[in-house]
Amino acid sequence: MTGQAIDPVCDRQFLFVTCVNNEQLYRECLEHIRGLEVPDTYTVDTLPIYNAASMTSGYNQALLHGAKYKIYLHQDVFVVHRMFLVDLLRLFTSHPQLGLLGMAGCKAMPPHGVWWGTRGTVGTVNQCNTILRFGEAPEPFEPVEAVDGLLLATQYDVRWRDDLFTGFHFYDVSQSMEFRRRGFIVGVPRQAAPWCEHWDDDLLAAASSHAFEHGRQLFVSHYLDGGTRV
């Protein structure tokens, strides 16, 4: 990234950032983005990242873009809440310390480092036509310790830890910790119905992989075992 020009900051722009390896899924993702209600005087841009070596290195490319509001989402995530951008803007402008929003997360990260493996979860997602309700957030959002990476929305730029997480796991909870280290709030909004559909039916296989376990151990050692947890 050294030597590349950084776009001027645009306080009235949303940027959707996606690591892409399946064009069919990404086209449908884009169709849902195009169907969203856009707040007056605001614009929307999209940034597909191809051939990313890791989720963190891919997402770090978005930091060259000047959009104030960045939405990082998987190619198989479809935003179905038409007022998503309107509600997102309302939350961010009303709460300047709210740095990072996710659709689901945990109030306290368990010692093993897997966010959904604890009772204090919150949020909801339509997962392959199954509504997953992790716990209802109060109005307007629930402050949490970490959020899931299916969709992550920010109003400030914090570098993703590509020096630590060189694959496609634990980029999300580590970024949650990095935002909190800087004094920002991480939150999950109240959703009367899920704002997103996630069409990944291979979650259990991914969570049992060697790469997932490697990332988990790295996350625990760096953030939870006397590391930089806040």
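Tyrosine 72 is buried in this predicted model, with a relative accessible area of 1%; buried means under 20% relative accessible area, exposed over 50% and partly exposed in between, with a 1.4 Å probe and protein chains only. Tyrosine 59 is buried as well, at a relative accessible area of 0%. The model is predicted, and local features need pLDDT of at least 70, side-chain atom pairs count only at pLDDT 80 or more, and totals for chains, interfaces and linings use all residues. Residues are numbered from 1 along each chain as its sequence is written, and side-chain values use heavy atoms, with hydrogens and water left out.

A pair of aromatic rings is described by the distance of the centres and the angle of the planes. The structure holds 17 aromatic pairs, where rings of Phe, Tyr and Trp (its six-membered ring) pair if their centres lie within 6.5 Å, and planes under 30 degrees apart count as stacked, over 60 as edge-to-face and the rest as tilted. In one of these pairs, the ring centres of tyrosine 59 and tyrosine 72 are 4.7 Å apart and the planes stand at 50°, so the pair is tilted. Tyrosine 59 belongs to helix α2 (residues 55-60) and tyrosine 72 to strand β3 (residues 67-73), so the pair ties together parts that are 13 residues apart in sequence. Helices (H or I, at least four residues) and strands (E, at least two) are DSSP runs, numbered from the N terminus. For phenylalanine 179 and phenylalanine 184, the ring centres are 5.8 Å apart and the planes are at 55°, so this pair is tilted. Both phenylalanine 179 and phenylalanine 184 are buried.

Ring pairs also link Trp115, Trp116, Phe134, Phe170, Phe212, Phe219 and Tyr223 into a cluster. Phenylalanine 170 lies in the loop between β11 and α4 and is buried, with a relative accessible area of 6%. The phi of phenylalanine 170 is near 65°, a positive value in a residue other than glycine. Asparagine 129, in the loop between β7 and β8, has a phi near 70°, which is positive in a residue other than glycine. Asparagine 129 counts as exposed, at 60% relative accessibility. Most residues other than glycine have a negative phi, and most peptide bonds are trans. A cis peptide bond joins glutamate 139 and proline 140, with omega about 0°; proline 140 is placed in the loop between β8 and β9 (141-144).

Strand β3 also contains lysine 70, which counts as buried at 0% relative accessibility. The side chain of lysine 70 reaches two backbone oxygens, that of histidine 65 at 3.1 Å and that of alanine 67 at 2.6 Å. Setting aside residues up to four places away in sequence, lysine 70 touches Leu15, Ala62, Leu63, His65, Leu152, Ala153, Thr154 and Asp157, contact meaning heavy atoms within 4.5 Å.

Aspartate 163 is found in the loop between β11 (151-154) and α4 (171-181). The side chain of aspartate 163 makes a polar contact with the side chain of arginine 161 at 2.8 Å. A polar contact is a pair of N or O atoms within 3.5 Å; within protein, one must be able to donate a hydrogen and the other to accept it, and residues adjacent in sequence count only if both atoms are side-chain atoms. Aspartate 163 and threonine 56 are 107 residues apart in sequence, with their C-alpha atoms 8.7 Å apart in space.

Leucine 98 is part of strand β5 (residues 98-102) and counts as buried at 0% relative accessibility. The C-alpha atoms of leucine 98 and isoleucine 185 are 4.5 Å apart, although the two residues are 87 residues apart in sequence. Leucine 30, in helix α1 (residues 23-34), is buried with a relative accessible area of 12%. Leucine 30 and phenylalanine 78 are 48 residues apart in sequence and 8.2 Å apart, C-alpha to C-alpha.
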